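Please read the following report alongside the sequence and the coordinates.

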There are 2 protein chains.
Amino acid sequence: MDFPHYFPIWNKLSGDAQNRLLGSLIPKKVKKGTIIHNGSTDCTGLLLVKSGQLRAYILSEEGREITIYRLFDRDMCLFSASCMIHSIQFEVTIEAQKDTDLWVIPADIYQGIMVQSAPVANYTNELMATRFSDVMWLVEQIMWKSLDKRVAAFLLEEASIEGTDELKITHEIIANHLGSHREVITRMLRYFQKEGMVRLSRGTVTLLERTGLEQIRDA
Amino acid sequence: MDFPHYFPIWNKLSGDAQNRLLGSLIPKKVKKGTIIHNGSTDCTGLLLVKSGQLRAYILSEEGREITIYRLFDRDMCLFSASCMIHSIQFEVTIEAQKDTDLWVIPADIYQGIMVQSAPVANYTNELMATRFSDVMWLVEQIMWKSLDKRVAAFLLEEASIEGTDELKITHEIIANHLGSHREVITRMLRYFQKEGMVRLSRGTVTLLERTGLEQIRDA
């Protein structure tokens, strides 16, 4: 069990709290595409990613999606345990974007520790502030940035996450990340293609000219 | 000094922490329109509203505004002390919307207490979660709701806050709350007026038919 190496404030926990955590952990392996947490209907628990990639998004009544943050190795997800903090009045859905190894920490166990431990409560605060900053960045993007900038930024970010310029991703998925429509994204990508910045083929977007995309993003 | 009555977890503080807080408080009276906190350039401290009304907003590079939350009597503002929590990576501006009586709690004093006190850290967590929920509501509004619904919702909210249907507010101010442009708001309000739901006059929007506005908001 290498959980302690993944939990940043392990050494600040009491021995009793360490035992309660270890005794309640649920290790999970989920396939790409699995919905791990679904709104506030369940209180899944906190998710600590060992390896893989998760996406948190919100859904409109019409089924449109927008990604609010993504989680990578060693990241922890708080909002899958929103029952733990009364003032959290919103629902997120968490989906595995890659095959993912993770631990589920039951919400009641974590809460029991957090209520008594200043280090755990302060760590939780930092965690929430990180996600809050992600969402504030998102608000700035959707309020002040035009869609061409957002698509360029997304492609560059994705290439950096994947470590390749050949992205296996559909226009639909890009639309769901950005809260847009597939048709709108297709039109934008075709424009990028016409300008020689990307090449489109079935299920793939290949970045040909990063500088051009960076210029659009930073304009 | 009636600060203890306004600070919800006063009784959970140690005597020492209580003394440190009381000894460092800065009572302030600010006029409507005063900018109390300006981005991350200063770390003003936490603001506890005794009476009055504050508005937190973000600014685009072009100077456009959008309100992210409002604070009323007994509300506390955390993000005017963002230096206190490392992971807060965004900047808000805080403006008095009415003449306001408040206390400034210096960030270093509050942080010193929070680091050691589980109740204070957990309270801070709830506070952040409340604002986070406000901002998630905002994301849903700007992503999924058309502007007519947002203007109708804003007018109804404002009437409820002010306790009157005769709102002393300019089109520019409504635009700044909603992250829109004055011209766009004027067009929308004229449409509402044509439908008999509001009456417009210089610096005033009078709600004539709440039911109509509610129908638009809830459609």
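In this predicted model, the side chains of Arg55(B) and Glu95(B) meet in a salt bridge with an N to O distance of 3.2 Å, a salt bridge being a side-chain nitrogen of Lys or Arg within 4 Å of a carboxyl oxygen of Asp or Glu. Arg55(B) belongs to strand β4 (residues 54–59) of chain B and Glu95(B) to strand β7 (residues 93–96) of chain B, so the pair ties together parts that are 40 residues apart in sequence. Helices (H or I, at least four residues) and strands (E, at least two) are DSSP runs, numbered from the N terminus. Both Arg55(B) and Glu95(B) are buried, where buried means under 20% relative accessible area, exposed over 50%, and partly exposed in between (1.4 Å probe, protein chains only). In chain A, a network of salt bridges links Arg55(A), Glu65(A) and Glu95(A).

Residues are numbered from 1 along each chain as its sequence is written, while chains are lettered from A and ligands numbered from 1 in the order in which they are written. Because the model is predicted, local features need pLDDT of at least 70 and side-chain atom pairs count only at pLDDT 80 or more, whereas totals for chains, interfaces and linings use all residues; side-chain values use heavy atoms, with hydrogens and water left out.

| Salt bridge | Closest N and O atoms |
|---|---|
| Glu158(B) and Arg70(B) | 2.8 Å |
| Arg20(B) and Asp16(B) | 3.3 Å |

Glu158(B), in helix α5 (residues 147–162) of chain B, and Arg70(B), in strand β5 (residues 65–71) of chain B, are 88 residues apart, and their pair links distant parts of the chain. Glu158(B) is buried at a relative accessible area of 7%, and Arg70(B) also counts as buried, at 9%. Arg20(B) and Asp16(B), by contrast, both lie in helix α2 (residues 15–24) of chain B, four residues apart, or about one turn of the helix. Arg20(B) is partly exposed at 31% relative accessible area, as is Asp16(B) at 47%.

How many salt bridges does the rule find across the interface of chain A and chain B? The rule finds zero there, but 14 residue pairs are in polar contact, both residues at pLDDT 80 or more. A polar contact is a pair of N or O atoms within 3.5 Å; within protein, one must be able to donate a hydrogen and the other to accept it, and residues adjacent in sequence count only if both atoms are side-chain atoms. On the side of chain A that touches chain B, α4(A) gives the most, with 20 residues. Contact, meaning heavy atoms within 4.5 Å, takes 42 residues from chain A and 42 residues from chain B.

Met143(A) is found in helix α4 of chain A and is buried, with a relative accessible area of 13%. Not counting residues up to four places away in sequence, Met143(A) touches Arg64(B), Ile66(B), Ile142(B), Leu178(B) and Gly179(B).

A rotation of 180 degrees with 0.0 Å of shift along its axis superposes chain A on chain B (RMSD 0.0 Å), by least squares on the C-alpha atoms of residues with pLDDT of at least 70 in both. The two copies are thus related as by a two-fold rotation axis, and in chain A the C-alpha nearest the axis, 1.9 Å from it, is that of Ala118(A).
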